[in-house]
Amino acid sequence: MKKPFFLWRHLNKLRWLTLILVFGMLVLLPFLHVYQTYIAAHAYDLLTPDEKALYDTMEHLTAPFVSDPETQLDAIKGTTWSGTFGKLQLSDPLAVLGQMAASLSAYWPFLLTALIPVVATLLFGRFFCGWICPATLIYELNSSLSALLHKLGIQTGIRRFDRRLKYLVLALGIVISAITGSVIFAAIYPPAILGREIYYAIALSGFGAGMVFFIITLLFDLLVSRRGFCRYLCPGGALYSLLGHFRLFRIQRIVENCNDCAKCSAVCEFGLDPLHDQFGQECNNCTACIAVCPVDAMTFVVRPSDTPPQGPGHQGKRYRREHVASNEGDMT
Amino acid sequence: MQRRNFIKQLAAVSAAASLSGGAIAASRTQRRFLRPPGALPETDFTAVCIGCGQCGEICPNRCIRYFGMENGLTSLATPYIIPREKGCILCMKCGQVCPSGAIQPIERSVEALTSKVSMGRAVVDRHLCLSWQGKTCGVCYRACPLQDLAIRVQRLEQPIIMDACIGCGLCERSCIQMPQAIRILPDQERTLT
């Protein structure tokens, strides 16, 4: 019996950790920025007690890492939409695509900032959606709330749409960006919205227009269609799905171990069907199906395409009835 | 059946998109605002800026704010400065951090600033200005980072704006008159040479 590498089933925990870490950074960075401005103003004595508390907390947090916070903290800035880590700048490929469409030109330094994310997407597929996107953390918790409602007998969010809709959103977004001359994706792309709205709320005057849009998507997910925005409408998800079509690292079902319990298909946030080997380009390698599998029938493989459908699992009732039972009959 | 559903949903999304396209042509705000130093001309700026917010996050003066929907959808999440509330201290960090090229990096030297930055130009209202109305003030002159290049005062502290003014807004911020006697007229056609 083939055994998957034992760490794969723990990747889902690691994924939650990275999601929380990314989200935590998005909350921490605005506070650090405010702290930096207090230092720059050289006016600790003039701060209100609340501001002093913030100053002292941030000082405690950063003191082990930086000696000159006013300038050294400039090393980490931004959100997942576009961020700076020291000399390295990383941008969302969708931001680059949107800018190219809006300005009808390409700015090379900016194109280069999307190089690492694009290469990573070519290798790991739509991993951004499951592992990094700050909106995913909220959406998955929202999805859990929806599951809780189901347990209480409230059936919400059970509609399904066509997954190809998001490619249309991507194409329309490019066209509208070109017509209006502005990067329209920034207005409808949840991670970009969430990143900047958290900053607005902490460092500026409060949540802005984007938060209204984000809450509408949350309600849509909760009441109409589970994970509906990510599955059917997200232009970023569409772009990464296209880039990740020939991803090298993908999940595969080990048919010999599988007992057809269908937990993998039930747990899949993107509504895919791992039980029937239907991962496709939209799998985000979130590894929830690996973690949930009771018989170690899910593993990672390195190959540029999914395996063709392998039929019922060999530990399942149907397979055993059709194959094993008759074989045993022949033997006797 | 699945195909028919797809076409139905396709029609719904197209309708929503065309509606939002109409909303984009919304009216512009009447508010007078500046773009950060080194920003591209206005139409290029909204096309190139991705709204990542790093310029505001690195600004040590916290003078950079962001548009919501009040200036139309094309300006959504783009940075602006209201000089009366907080002027730009010309640290030029925003141009260094901007990944998209909407704010160009400019060296922090007097030559580079006066030749490349063009946020706007200060205008003095002599009917409001204390120094021009028989008292002496001179606060704007003292606030200016480019004294005697961008602004000079004659006797009795009467301010006169000169061609090197780049519109940082520190004079407008500092003006003790209410309403302010010195204002920045934004340069919507600002060019980078």
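Author: What follows starts with the chain, moves to the helix pair, and ends with the wider contacts.

This is a predicted model. Chain A has 332 residues, and 42% of them are buried. Its secondary structure comes to 17 helices and 5 strands. Along the principal axes, its C-alpha atoms fill a box of roughly 90 × 45 × 40 Å. Take the contacts in chain A with a separation of 6 or more: 73% of them join residues 24 or more positions apart.

Now the helix pair. The crossing of H1(A) past H8(A) is left-handed.

Which residues make the contact? On the H1(A) side they are A:Leu19, A:Ile20, A:Val22, A:Phe23 and A:Leu26. H8(A) answers with A:Pro134, A:Thr136 and A:Leu137. By class, the contact has 7 nonpolar residues and 1 polar residue. No charged residue takes part.

The domain assignment of chain A gives domain 1 as 79-241 and domain 2 as 248-317. Their C-alpha centres lie 26 Å apart. The contact between them takes 15 residues from domain 1 and 12 residues from domain 2. On the domain 1 side, H8 is one of the elements that give two or more residues. The others are helix H6 (115-124), helix H7 (127-131) and helix H13 (228-233) of chain A. H7(A) supplies the largest share of that side, with 3 residues.

Last comes the partner chain. The contact between the chains takes 43 residues from chain A and 34 residues from chain B. Helix H9 of chain A, residues 165-180, gives the most to the chain A side, with 6 residues. That side divides into 21 nonpolar, 17 polar and 5 charged residues.

Back to the part you asked about: H1(A) and H8(A) meet in a left-handed crossing, and A:Thr136 is among the residues that make the contact.

Conventions. Residues numbered from 1 in each chain as written. Chains lettered and ligands numbered in written order. Predicted model: local features only at pLDDT ≥ 70, side-chain atom pairs only at ≥ 80, totals over all residues. Left-handed = near helix turned anticlockwise from the far one by under 90°. Helix = DSSP H or I, 4+ residues; strand = E, 2+ residues; numbered from the N terminus. Contact = placed C-beta atoms within 7 Å. Nonpolar A, V, L, I, M, F, W, Y, C, P; charged D, E, K, R; others polar. Buried ≥ 20, exposed ≤ 12 C-beta atoms within 10 Å, placed from the backbone. Domains from an automatic or database assignment.
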